[in-house]
Amino acid sequence: MKNLPWLLIAGLVPLAGTVLIAVLPRKFEFRARWIALASSLVTLGVVIAMATQFSVGGTQKFQFVTSYKWIPAFGVNFTLGVDGVGLVLVCLAACLVPFVLLASWRDVQPGGSVKSYFGLMLVLQTVVIWVFSALDVFLFYLLFEAMLIPAYLLIGRFGGAQRSYAATKFLLYSLFGGLVMLAALIGLYVASQTLLGSGTFDFQTLSSLQINSGLQNLLFLGFFLAFAIKAPLWPLHTWLPDAAAEATPGTAVLLVALMDKVGTFGMIRYCLQLFPDASRTFAFTISILAIISIIYGALVAIGQTDIMRLISYTSVSHFGFIILGIFAFTNQSQTGSVFYMVAHGFSTAALFLVAGMMIARGKSRNIADYSGVFKVAPLLAGFVLIAGLSGLALPGLASFPGEFLVLVGSYLRYPALAIIATVAIVLSAVYILWLYQRVATGSPRGVVVGTFGEIRRREVLALSSIVALMIGLGVYPQVLTRVIEPTVKTTITRVGAVELAPTQIKDQVDKQVSKK
Amino acid sequence: METIAAASGITSLTWLLIALPVAGALILLGSGRRTNAFGHLLGVATIAGSFVVAVLLWLNMLGKSSDQRATRDFLFTWMSLGRFKVDVALQLDQLSMAFVLLITGVGLLIHIYAVGYMHGDDGRRRFFGYLNLFVASMLLLVLADSFALLYVGWEGVGLASYLLIGYYQTRESAGPAAKKAFVVNRVGDIGMSVAIMVMFAAFGTVTFQGVFAAAPSASTGIVTAIGFALLLAACGKSAQFPLQSWLLDAMEGPTPVSALIHAATMVTAGVYLIARSNPIFEVAPNAQMGVIVVGVITLLAGGIIASAKDDIKKALAGSTMSAIGFMMLAVGLGKSGYVYAIAFLLAHGFFKAGLFLGAGSVMHGMNDQVNMRRFGALRSVMAITTLTFGLGYLAIIGIPPLAGYFTKDVIIESAMARNPIIGTAAVIGAGLTAFYMSRIFFMTFIGPKRWTQDVHPHESPVVMTAPMVILAIGSVASGYLLMRNQTLQRWLEPVTGFTEPDGALRPLVLTGITLAVVALGIIAAVVLFLRRPIPETAPSKVSVLVSAARRDLYGDAFNEAVFMRPGQWLTRSLVWVDNRVIDGAVNGVAAGLGGLSARVRRTQTGYTRSYSLVMLSGALLVIVLLWIVRL
């Protein structure tokens, strides 16, 4: 079983769904939804079956490796495989899409093409699954860029009034990052040629090279810039609120919950492991930017008047936590970051989707147009609150272990920064609960009258599934952290950061106890 | 330190204490309308079940020798990363046992009362779901075996209080009050997070056992930092200065909620935290002094605020602030205070719950009015409420031999032994308590009728009065039972330690002084509120102190001026900066490049759509070419 090309299949299933949808006659267009849902469920099944085969802490760093020769002249291979970090993110991609499809059932406005909307979502899923499992840097780059095409089309063709502007901005911003990364990629290839005699894009080979530190710094920055735009890190974040607000809720989820994770994933996989010296050099600066993201994102979120933009800015704040944890280089902080990536995926998905359902009923993104949703649609309001509570990292829900581990672990390396980051504990409560207070409490007013109704069974199913996952991860985070931790350990070893075990006091106590 | 045995036999059922109300909350909140008909009964049943388990565990504990009583019920590992290991494990020792009995016992009475109080309310099922969640969280808080797990219960209590304070969702004032409670509590949570971070960095563990074993040999700086961080956390949950402001607004919730928050759960959590962390505070005298200062300020401020409120629930809320201030002061005194603090806390659980339920009973009969200026003479129509409220009143002001006398007197004695200034403040606090409680009792139950025309007050149904009667019995007897033969002291000593306070004044003399001051407080209230007629509207020409007290000693005004207004300004300016400066720069660069390229390349159409089409075909071409090369 383990020798099956699992990752190839996991990406081919949604692709097959796309092909089916593409050949669908126009009069059966609505069937596209069912095909998409079915294919995403098959994908989920494949990924779950694969995950059960993964051996935690096995001797192989990467598992389920399949490799096909591609461009031998440049040492490019189509190689897929995952470590613990890759695995949990592939799982995230497989888990989220069915719920997103379910919640997006009626997202396409009359006149829009249902076929292309659902087809593009599946293409995006394929690319994302492979981008998390690429073990060839060139392949990764190609997929990293290819991701933009379906995303661009999804935003530009199915979004709100300002969608063209938002889509263009998203595209140009990302292309810029990609271009710089391409330059760094070529540089990396050249460096491997110098060191090895023949150039390669094979990740495993490249991640054991010792590139001289001056060059490392340059290459690091090239990769990091692309990832920081994607993540997004302050001050490169301004494309996100526009894109997420103008896109349909389903697209916003894929964008923020899934695609943006490629940024932070890239930092761990590529920045840290290919350029360990440079990672240490820039760690503190990046941590400062992460802290700014945390606080700034939260403050700007509080000041938003548009629901979708508000949620986007909360993500800027949460990505700050993730990046802080990555660059604190401790076992707890980095494992917390990867866990947070998954948790943030679910909680942001829940927030965007439930906000989308509200907006579909109220026909407005403006917070001030809402009031008293609880009175009219208590279930909808309840889901707004639960999704929000996960956003403010309430213990028992998925975000908490992530945020908490990041804080505890980062404190070991940067005590002052970790303490500053705790201010977000208060700010997150303000932006979430103030949002809830404005839209859900009080008496129904504004758009919350007339036809504004309760959520349907299909929507309840999508949301309650995500909530169940959030509670499950919050109560038993070990299910992921056990998988993530071994990878994080090898990453930190590769970075060569001084291990920061808690201070000697513990050891002294141990000694005293043993003396007694 | 006492040894903690792995749970076995009946103690391996400790988890049931929490699981029952959690199951209740999940069923009630998840089942929708299906359980409307019997939801409230299920809510009561789960707490009753927990209470039975608690009593069985207590009897079991009584049968063991005093150093063999602590057990640890391990359920599963929550997080384990390197040295950072947090188990979901429940530590049941004498301290947590005392809290468990209080929480489930008083909680059960409040649940029963709420069946009657919430009769006819559309959301009664939801309300009981929240109540169950509240009790479950508080039980987790006191049963956790580590600071990290305690944090879960801590936040759960915050969430449940948020839901309950904001229960009347359509009321415009409920939303802001609930949010305020949660946000202020989260300020305290910063302290909790920081404490945990420092503990892990310093000791490599966050379990009680591990941290308390390491604390004595840690540097003063570290334990002091942890102590102050924990104090910040405690201030949030226990509504102590400077984080007291949420408590007075928390009256937006239904009255049983107030009883639960003020008596059995929530505000006692801060006192528990510090009592539990006694090994840290024992080696951090500066942090201990911080606890005392906070306690003294709050006990006086709460008393002053309570003396000026006309809203019966707000007056009682001020009283809670003050009473918790007494407890904080006591835990700040160290080994000569922990036991007394817990004794007062337990006794307070009875009389404060009784007082709030009494207030709820009054409101029930008075069309939900709360203004005491329109009460008066209710003793003639509400005999049971008057009697039970009256006993609670006598208990809280410390009339012998009721509960408050036995438990508050020892705190004053211990405070006086530490420092005459602290002791004097405590005596003044006792006088204030006598004054404002007499004021409440006189304005509500005695004197002439000042009712509005539309009310027809009547006694509440048995389902409400029965819990009040039981609590009144507790208010009378609990103090004596706890303090007789040093019962509680011998019970808690293995966990908190105990030293006899050694003061210059003879205890009997001090008791005399205290009772004299209490008598003065009562006399002042008699003169002001019984001998003189009470105006039906609050007089506007009042002294500076009264008007300050009416406005909660300007706590809200301060928060608004120092945090809220600058905060609003900051968020607004940052939004502007983000839209204009950062995004403006991005768009400026893009526009510049766009203009440049337009001039250079006239072939370009300027439509992103055609760009992307070109890109798409280009990318496809590349992919196809690459495949061909490979083949």
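The following is a dialogue on a predicted model, asking how its descriptions follow from the values.

Visitor: How much of chain B is buried?
Guide: Buried residues make up 58% of its 631 residues. The cut-off is 20 or more other C-beta atoms within 10 Å.

Visitor: How do you know what share of the contacts in chain B joins residues at least 24 apart?
Guide: Take the contacts between residues at least 6 apart in sequence. Of these, 81% join residues at least 24 apart.

Visitor: Why is helix H18(B) called largely enclosed?
Guide: 21 of its 26 residues are buried, so the rest of the structure largely encloses it. H18(B) covers residues 420–445 and reaches 37 Å from first C-alpha to last. That is close to the 38 Å expected at 1.5 Å a residue. Just after the helix, B:Gly447 takes a positive phi of about 75°.

Visitor: How do you know that the span of H3(A) agrees with its number of residues?
Guide: Helix H3 of chain A, residues 84–103, has 20 residues. At 1.5 Å a residue they should span 28 Å; the end C-alpha atoms are 29 Å apart, which agrees. H3(A) is also largely enclosed, because 20 of its 20 residues are buried.

Visitor: What makes strand E2(A) largely enclosed?
Guide: Seven of its seven residues, 76–82, are buried, so the rest of the structure largely encloses the strand. A:Val76, A:Phe78, A:Leu80 and A:Val82 point one way. A:Asn77, A:Thr79 and A:Gly81 point the other way. In a regular strand the side chains alternate between the two faces of the sheet.

Visitor: Why are E1(A) and E2(A) said to pair?
Guide: Pairing needs at least two bridges. Six bridges join E1(A), residues 63–71, to E2(A), and the strands run antiparallel. In one of these, A:Thr66 has A:Leu80 as its bridge partner. The hairpin has four residues between the strands, and A:Gly75 takes a positive phi near 65° there.

Visitor: What makes E1 and E3 of chain B edge strands?
Guide: The open sheet has the order E1-E2-E3, with mixed pairing. E1 (5–6) and E3 (84–92) each have a single partner strand, so one side of each is left without a neighbour in the sheet. E2(B), residues 71–81, pairs with E3(B) in the antiparallel sense over nine bridges. B:Asp73 stands opposite B:Leu90 in E3(B).

Visitor: Which residues have the most contacts inside the largest nonpolar core?
Guide: They are A:Val354 and B:Leu329, in a core of 444 residues. Helix H6 of chain B, residues 174–203, gives the largest share, 19 residues. Leaving aside residues up to four places away in sequence, A:Val354 touches A:Leu380, A:Phe383, A:Val384, A:Ala387 and A:Leu463.

Visitor: How do you know that chains A and B touch, and which helix gives the largest share on the side of chain A?
Guide: Contact means C-beta atoms within 7 Å. 60 residues of chain A are in contact with 57 residues of chain B. On the side of chain A, helix H19(A), residues 423–440, gives the largest share, eight residues. By class, that side has 37 nonpolar, 19 polar and four charged residues.

Methods. Residues are numbered from 1 along each chain as its sequence is written. Chains are lettered from A and ligands numbered from 1 in the order in which they are written. This is a predicted model: local features need pLDDT of at least 70, side-chain atom pairs count only at pLDDT 80 or more; totals for chains, interfaces and linings use all residues. Helices (H or I, at least four residues) and strands (E, at least two) are DSSP runs, numbered from the N terminus. The expected span of a helix is 1.5 Å times one less than its number of residues. A residue is buried if 20 or more other C-beta atoms lie within 10 Å of its own, exposed if 12 or fewer, and partly exposed in between; C-beta atoms are placed from the backbone. Two residues are in contact if their C-beta atoms, placed from the backbone, lie within 7 Å. Ala, Val, Leu, Ile, Met, Phe, Trp, Tyr, Cys and Pro count as nonpolar, Asp, Glu, Lys and Arg as charged, and the others, Gly among them, as polar. A nonpolar core is a set of buried Ala, Val, Leu, Ile, Met, Phe, Trp, Tyr and Cys residues joined through C-beta atoms within 7 Å.
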